[in-house]
Amino acid sequence: MSLFGNEQVYGVRPEGGGAGREIRVRGLRREFKRGGGRVHALQGVDVTFAPGSFTAVMGPSGSGKTTLLQCVAGMDRPTRGAVHWGPTEITRLREHKLARLRRSTVGFVFQAYNLMPAMTVAENVVLPTRLMGGRVDRARVGRVLTQVGLGGCEKERPGRLSGGQQQRVAIARALYNQPEILFADEPTGALDRNTGREILRLLREGVEEHGRTCVMVTHDPLAASFADRVLMMTDGELVEDLTRPSAAVIAEKLGGLS
Amino acid sequence: MIKMAWGALRTRPASFAGLATALFLAVSVITMFGSMVAAATTTEGGSDLALIGGAFGEIAMIMAMFVAVTTLGFAIRGQYRDLALLRTVAATPRQVRRLVRFQVAGLILLVSPPAWAAGAVAARSFLSALVDRGLAPAGAIVPGNPLPPLIATLATVLVGLLAAVFATWRISRGTPSAAMAGTSAETGRIGWFRTLLGLIVVGGVGVLCGFLVGQEPDEAAQAALLGALASMVALALLGPLPARIVVTLLGLPLRLLRGGESGGWLAAVNTRGHAHRLSSAVVPIALLVGLSTTFMVITDTMRHHMAGVLPDAVSDDDVWLRGVEVAMLALFGTVATLNTLISLTTARKREYALLTLIGATKRQLVRMLAAESVLTALTGVVLGVAIAAPVSIAFALSLTDDPVPYVSMGDYAPILIGAVLLAVTAEMVAGLRTIALDPATTVTAP
Ligand SMILES: Nc1ncnc2c1ncn2[C@@H]1O[C@H](COP(=O)(O)OP(=O)(O)OP(=O)(O)O)[C@@H](O)[C@H]1O
Ligand SMILES: [Mg+2]
């Protein structure tokens, strides 16, 4: 018996991709109440992510990158504005429907990893699939863990892993379902150059071979140069939109932001 | 997926052992008094029995449910972070609620068989004690009726599931990111609905006190106990507010000790900043103290008054019955206090580890712990006495024109001291074990 009953399993995307969904963001605002006043984390963001594109989002700390990613991924609700995934306006969906759509479509790597401490690495990786009531493919778990450089760590608990290893478990979890869209909040933040490069190659490969749409937040110009497009934010607004910039150009533009 | 529900239970043994105990008590108490009622209906001349069982059982059952509900809310809040994490990996709100319902119902079913047995045994020995004292007809026995245990489990499951709805309200509504944000900062602010409910209960207590003054002693006593329970509910609802006021006042001397190596200042600042957590910690202590105080006041004031009017009117049997009831209430209060304090203190391991890593010495931590536990215990005692005060005064007025109730200090002082010792010991033992953990591992664990 499944505790969660028979949750509908939305089809995992066929290999090779093809016509994925465009992500459209219009007039996105997000305010937080804090103390007596309000923080304007997003002040009207308009952007479109083409299917099968790889975008990096950059900007100073506190500029609203995480907030943008969370609103676009349906983790958070904007105060105003709309987010469409293809024909679906996700900002209008009820929480229940959104959760189901999200887990069938989206992989998310959190800035804070968000691993379940009581579960093993393998259990963490297959958790979203379990929540969908889907079957667990052990061979695939092994493969995706090997891809992130954690082959053989299935039975470990997250608490015994290093920060970078935990981060890679979170990446494996996001990739396991071969999501159509991948959001990653500083996925290489805790990794050394070489390991980081392996992960970025993996993300790139997902975009090129499976037509995955990938949006990644990063502070590292070198990491951003793996993307096709680099957006820069300051104070909750998009201020730069660069196509295939080099790491040097990115670093220079970044230096110019307040 | 069943594994996930049990996994959560496994990682919080302290919290769930406490919950299991509270649920066990609830099922056994209802089974016990259900069996008493069954005995009354099958015994000839059992109407007195029904009366005693009813008067006694009512309070005990309400108390058992209250303890079960607060413990449950507490255990569920203890896993908020895990539940919020599940939401971020796209568990639907419904799945989160189902997970919790499954835990609650599963745990109740698990504790039910032993609780039925305990309840049946308790009913038998209580009945035979009543028979011995001539308070029940000689031939009275507890019949082998399956209804009381079934009703007990069913009622506990219903109340438990209802409590689960409220406890999961915040975590299963709104966005995953709001759920996550909610777990890192307990604001201590309470919602308007809860405030309103709390104020209604306070109003109810006021009305009950007014009503109580004009009653016969027996009814007044029963009403006073109900009033004390209602005040407890009000405290549980409005908790953070009165808790913060009392702790700020009591914490003043601690804050003055801010010099040197003292953990007192640390404790005062810490405790005041976590009014929400503190109010969970003081509610069971206040429960223990408040109910025993009300109880003592009723018994002693009544005896004192009667002794003045009719010197031999107070029978030993009555005193015996009251004694059993106090023991029972104390048992509930103790379970609730131990459970809450141990899980709260254990849950703070990360905070203690952080303090160690940024340079707090072990001695400072121990002092902080000691200061905090004394502060918590005293706050609980003050609130408990405050809760007992209105109904006690009303009860005194129902007997005499004198609003000052009579309490025999010889009986009362041990209860207050016992409550403080119990709370301080529980918190210190749990705390010392927690700060003995390796801080570096504790902090890096996700
Ligand atoms: N839950 C919240 N409540 C109140 N304010 C918030 C909340 N989350 C974010 N903020 C505020 O919104 C602004 C943007 O935060 P955000 O996390 O999006 O920044 P960021 O660009 O991801 O920064 P970093 O690079 O440091 O991760 C900040 O000023 C932050 O303080
Ligand atoms: Mg961020």
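Figure 1. A:Arg29 has A:Arg80 of S4(A) opposite to it. The model shown here, as in every view below, is a predicted one. The two strands concerned are S1 (residues 23-34) and S4 (residues 80-85) of chain A, which form an antiparallel pair over five bridges.

**Figure 2. The four-stranded sheet as a whole.** In chain A, four strands make up an open sheet in the order S2-S1-S4-S5, and their pairing is antiparallel. Strand S2 (37-49) and strand S5 (88-89) of chain A each have a single partner strand and stand at the edges, so one side of each has no neighbour in the sheet. Helix H1 (residues 65-72) of chain A packs on this sheet, where it touches S1, S2 and S4 of chain A. The direction of helix H1 makes about 120° with that of S1(A). When following a strand in this view, the reader may recall that side chains in a regular strand alternate between the two faces of the sheet.

**Figure 3. The hairpin of S4(A) and S5(A).** Two bridges join S4(A) and S5(A) in the antiparallel sense. A:His84 has A:Glu89 in S5(A) as its bridge partner. The two strands form a hairpin, with two residues between them. In the turn, A:Gly86 has a positive phi of about 60°.

**Figure 4. Polar atoms beside the oxygen atoms of ligand 1.** A polar side-chain atom of A:Ser61 is 2.5 Å from an oxygen atom of ligand 1. For A:Thr66, a polar side-chain atom lies 2.7 Å from an oxygen atom of the ligand. A:Ser63 takes part through its backbone instead: an N or O atom there lies 3.2 Å from an oxygen atom of ligand 1. On its own, ligand 1 has 630 Å² of accessible area, of which the protein covers 71%.

**Figure 5. The six-stranded sheet.** A further open sheet in chain A has six strands in the order S6-S7-S8-S3-S9-S10, with mixed pairing. Its edges are strand S6 (106-109) and strand S10 (237-243) of chain A; each has a single partner strand, so one side of each is left without a neighbour in the sheet. From one strand to the next, the twist averages 15°.

Figure 6. S6(A) and strand S7 (residues 181-185) of chain A run parallel and are joined by four bridges. Within this pair, A:Val109 stands opposite A:Ala184 of S7(A). Helix H2 (residues 95-105) of chain A packs on the sheet and touches S6 and S7 of chain A, its direction making about 85° with that of S6(A). Helix H8 (residues 247-256) of chain A lies across strand S3 (54-58), strand S9 (229-234) and S10 of chain A. Helix H8 runs at about 10° to S9(A).

Terms used. Residues are numbered from 1 along each chain as its sequence is written. Chains are lettered from A and ligands numbered from 1 in the order in which they are written. This is a predicted model: local features need pLDDT of at least 70, side-chain atom pairs count only at pLDDT 80 or more; totals for chains, interfaces and linings use all residues. Side-chain values use heavy atoms; hydrogens and water are left out. Two strands pair if DSSP finds at least two bridges between them. Contact means heavy atoms within 4.5 Å. Axes are lines fitted to C-alpha atoms, for helices over the stretch in contact, and angles run from 0 to 180 degrees between N-to-C directions. A polar contact is a pair of N or O atoms within 3.5 Å; within protein, one must be able to donate a hydrogen and the other to accept it, and residues adjacent in sequence count only if both atoms are side-chain atoms. Accessible areas come from the Shrake-Rupley method with a 1.4 Å probe; for residues, only the protein chains shown count as cover.
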